[in-house]
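Trainee: I have a new model open and would like to learn how to read it, feature by feature. Could you take me through it slowly?

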Amino acid sequence: GLPSGWEVRHSNSKNLPYYFNPSTKESRWEPPADTDTETLKEYMATHHSMAHSNDVAGQGEGKIRCAHLLVKHRDSRRPSSWREADITRSKEEAIEILKGYEQRIQSGESLGDIAVSESDCSSARKKGDLGFFGHGEMQKEFEDAAFALKPGQVSGIVETASGVHLIQRVL
Ligand SMILES: N=C(N)NCCC[C@H](NC(=O)[C@@H]1CCC/C1=C\[C@H](COP(=O)(O)O)NC(=O)[C@@H](N)Cc1ccccc1)C(N)=O
């Protein structure tokens, strides 16, 4: 089987299996070393058909779909993004910026329309859409806030190691 702790998951955005370790939060495309191929083949066959059916429905057991708007700052775990190679704003400045976006959303703008030009996450090109995800995939603060939302609802400002986010639950 897979070395202890590793799971095969399905990436909806790439429609490909990837390997995820819920305890370390590590995710990778290639199977972890010393995975024996027989069990892996069987595992993949079962998982892949399941994943395929999940993928068609998009909605595996207990999965939700969200979009988000991320503003990074100089203390972000990766203070760089497609829109800014070297992000130097402070966390306080990032929060002020996000409050401005929050006002615009409350006045009727869609989160996705702002995310497409302003989000520091690569999902910006998909209006912030993250696809479906289940428990154990996102950073804890993000997961807790996202799973507390009803479809359509927008979160308050959520802080993770990536930066500060607004999250909208889609499905
Ligand atoms: N669908 C999944 N399972 N993909 C793995 C998510 C990994 C997870 N990510 C997070 O928790 C935060 C919240 C949402 C985005 C995100 C972080 C970063 C940006 O922050 P940075 O890593 O530079 O610090 N964006 C991503 O990961 C993107 N691949 C999200 C995405 C982009 C395009 C299409 C789909 C998903 C984590 N455990 O770190």
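This is a predicted model: local features need pLDDT of at least 70, side-chain atom pairs count only at pLDDT 80 or more; totals for chains, interfaces and linings use all residues.

Trainee: Is Arg74 buried, exposed or partly exposed?

Mentor: The general idea is a scale of relative accessible area, on which buried means under 20%, exposed means over 50%, and partly exposed is in between (1.4 Å probe, protein chains only). Arg74 has a relative accessible area of 49%, so it is partly exposed. The C-alpha atom of Arg74 is separated by 8.3 Å from that of Asp86, 12 residues apart along the chain.

Trainee: Which elements make up the protein chain, and in what order do they run?

Mentor: The secondary structure of the protein chain comes to four helices and seven strands, and from the N terminus on the elements run β-β-β-α-β-α-α-β-α-β-β. Of the 171 residues in the protein chain, 41% are buried.

Trainee: How far apart are Ser13 and Ser80 in sequence and in space?

Mentor: They are 67 residues apart in sequence and 22 Å apart in space, C-alpha to C-alpha. Ser13 is found in the loop between β1 (7-11) and β2, and Ser13 counts as exposed because its relative accessibility is 55%. Ser27, by contrast, is found in strand β3 and counts as partly exposed at 45% relative accessibility; its C-alpha atom is separated by 31 Å from that of Tyr101, 74 residues along the chain from Ser27.

Trainee: What separates the C-alpha atoms of Leu149 and Cys66?

Mentor: Leu149 and Cys66 are 83 residues apart along the chain, and their C-alpha atoms are separated by 9.6 Å. Leu149 lies in the loop between α4 (140-147) and β6 (158-160), and Leu149 counts as buried because its relative accessibility is 7%.

Trainee: Which value of phi does Lys25 have?

Mentor: Lys25 has a positive phi of about 70 degrees although it is not a glycine. Lys25 is found in the loop between β2 (16-21) and β3 (26-28), and with a relative accessible area of 39% it is partly exposed. Lys127 is another residue other than glycine with a positive phi, here near 55 degrees. Lys127 is found in the loop between α3 (111-118) and β5 (129-133) and is partly exposed, with a relative accessible area of 45%.

Trainee: How should I read a polar contact, and with which side chain does Asp129 make one?

Mentor: A polar contact is a pair of N or O atoms within 3.5 Å; within protein, one must be able to donate a hydrogen and the other to accept it, and residues adjacent in sequence count only if both atoms are side-chain atoms. The side chain of Asp129 makes such a contact with the side chain of Arg65 (2.5 Å), and a polar atom of the Asp129 side chain lies 3.0 Å from the backbone nitrogen of Gly131. The place of Asp129 is in strand β5, and Asp129 is buried, with a relative accessible area of 15%.

Trainee: How many residues surround the ligand, and which are the closest?

Mentor: A residue is near a molecule if one of its heavy atoms lies within 4 Å of it. Here 16 residues surround the ligand, and the closest are Lys72, Arg77, Arg78, Gln139 and Ser162. An oxygen atom of the ligand is 2.7 Å from an N or O atom in the side chain of Lys72, and an oxygen atom of the ligand is 2.8 Å from a polar backbone atom of Gln139. A polar side-chain atom of Ser162 also lies 2.8 Å from an oxygen atom of the ligand.

Trainee: How much of the ligand does the protein bury?

Mentor: Accessible areas come from the Shrake-Rupley method with a 1.4 Å probe, and for residues only the protein chains shown count as cover. Taken alone the ligand exposes 750 Å², and the protein buries 81% of that.

Terms used: Residues are numbered from 1 along each chain as its sequence is written. Side-chain values use heavy atoms; hydrogens and water are left out. Helices (H or I, at least four residues) and strands (E, at least two) are DSSP runs, numbered from the N terminus.
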